[in-house]
Amino acid sequence: MPGEIMASLEVSNLSVRYGKVPALHEVSVRIGRGQVVTIIGANGAGKSTLMKAIMGLVKPVGGSVALLGKPITGLDPDRIVPLGIALVPEGRRLFAPMTVQENLEMGAYRRVDPLEVARDMERVLQYFPDLKAKLPLPAGSLSGGQQQMVAVARALMAAPRVMMLDEPTIGLAPAVVDVIAHVIGEIRDSGVDVLLVEQNAEMALEVADYGYVMEQGRVVLAAPAGELAVNPEVQRAYLGI
Ligand SMILES: Nc1ncnc2c1ncn2[C@@H]1O[C@H](COP(=O)(O)OP(=O)(O)OP(=O)(O)O)[C@@H](O)[C@H]1O
Ligand SMILES: [Mg+2]
């Protein structure tokens, strides 16, 4: 369409099954340039499955995924990551015995220019200054909140165009939730578009530009985040109002 801004990530009619059990039904989600897009939904709605399907960790049975206009549907994760998508997975999955520094370097292991990697290390540590003193420590020795910061920083070290975060604030103290929420906005402003899955709908709708509500593997609502936040159904089901 003339004049339309190209999506950084375009998911069209994506369907996924686990064996015979359907998990996603023709899900369509779009992330525009310069956007944080959130997906909210209850346990089992299919949020993590959507991210795994975008990453190539599960293979869709129908539909398509395009990154910056190029089809990536069905590619393996090690082909998709270098094209510019990074995932901060549910539960963080850090290498606990390795140091914080080593975990961050792992995020950049596909990159070849050591000067660029060193510069990015400086840059990601500006988002989380508290991590600087922790670089030589085993990642597993950090608090839950600091481990989540390492997971976000590690994903940024891959220099993605689109970053996906799967419930990054679950179980964290409110002050740490605020730090993560603030950094998500900064990441977007730095030119990395964000797909944010959250059970904390209040935080997600505050930080996001656009949002989708998923129920039982389907998108049931899609609107600018500010509209979702005042939608009576969303308020009742996800905001406890
Ligand atoms: N590996 C798997 N094998 C079989 N079924 C699965 C598998 N992973 C997820 N499911 C099922 O697929 C559906 C969607 O799960 P998914 O993990 O994507 O939901 P979710 O929205 O991320 O939930 P949560 O908020 O609990 O993380 C659920 O019914 C779940 O039980
Ligand atoms: Mg999940």
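The following questions and answers examine the packing and selected residues of a predicted model.

User: On what basis are residues numbered and values counted in this predicted model?

Analyst: Residues are numbered from 1 along each chain as its sequence is written, while chains are lettered from A and ligands numbered from 1 in the order in which they are written. Side-chain values use heavy atoms, with hydrogens and water left out, and in this predicted model local features need pLDDT of at least 70, side-chain atom pairs count only at pLDDT 80 or more, and totals for chains, interfaces and linings use all residues.

User: Which residues touch the most other members of the largest nonpolar core?

Analyst: A nonpolar core is a set of buried Ala, Val, Leu, Ile, Met, Phe, Trp, Tyr and Cys residues joined through side-chain atoms within 4.5 Å. Buried means under 20% relative accessible area, exposed over 50%, and partly exposed in between (1.4 Å probe, protein chains only). The largest such core has 51 residues, and those touching the most other members are Leu104, Met163, Ile187 and Leu196.

User: Which residues of the second, separate core can be named?

Analyst: Apart from the largest core of 51 residues, the model has a second, separate core of 30 residues. Its members include Leu14, Ile39, Val65 and Leu67.

User: Which residues are in contact with Ile187, leaving aside its neighbours within four places in sequence?

Analyst: Contact means heavy atoms within 4.5 Å. With the neighbours within four places in sequence left aside, the partners of Ile187 are Tyr127, Val152, Leu156, Met163, Val192 and Val194.

User: Are helices H5 and H6 roughly parallel or roughly antiparallel?

Analyst: Helices (H or I, at least four residues) and strands (E, at least two) are DSSP runs, numbered from the N terminus. Axes are lines fitted to C-alpha atoms, for helices over the stretch in contact, and angles run from 0 to 180 degrees between N-to-C directions. H5 (residues 144-156) and H6 (residues 174-189) pack at an angle of about 10°, with their axes 10 Å apart. Angles under 35 degrees count as roughly parallel, over 145 as roughly antiparallel, 65 to 115 as roughly perpendicular and the rest as oblique, so H5 and H6 are roughly parallel.

User: How many nonpolar, polar and charged residues does the contact of H5 with H6 have?

Analyst: On the H5 side the contact involves Gly145, Gln148, Met149, Val152 and Leu156, which meet Val176, Val179, Ile180 and Ile187 in H6. Ala, Val, Leu, Ile, Met, Phe, Trp, Tyr, Cys and Pro count as nonpolar, Asp, Glu, Lys and Arg as charged, and the others, Gly among them, as polar. The contact therefore has 7 nonpolar, 2 polar and no charged residues.

User: What is the handedness of the crossing of H3 and H5?

Analyst: The axes of H3 (residues 100-107) and H5 come within 7 Å and cross at roughly 35°. A crossing is left-handed if the near helix is turned anticlockwise from the far one by less than a right angle, and right-handed if clockwise. The crossing of H3 and H5 is right-handed.

User: How do the residues of the contact of H3 with H5 divide?

Analyst: From H3 come Val100, Asn103, Leu104 and Gly107, and from H5 come Val150, Ala153 and Arg154. By class, they divide into 4 nonpolar, 2 polar and 1 charged.

User: Is Glu167 buried or exposed?

Analyst: Glu167 lies in the loop between S7 and H6. Its phi is near 50°, a positive value in a residue other than glycine. Because its relative accessibility is 5%, Glu167 counts as buried.

User: What is the phi of Ala159?

Analyst: Ala159 is found in the loop between H5 and strand S7 (162-166). At 38% relative accessibility, Ala159 counts as partly exposed. Although Ala159 is not a glycine, it has a positive phi of about 55°.

User: How far apart are the C-alpha atoms of Gln126 and Ala153?

Analyst: Gln126 is found in helix H4 and counts as exposed, at 58% relative accessibility. Gln126 and Ala153 are 27 residues apart along the chain, and their C-alpha atoms are separated by 9.9 Å.
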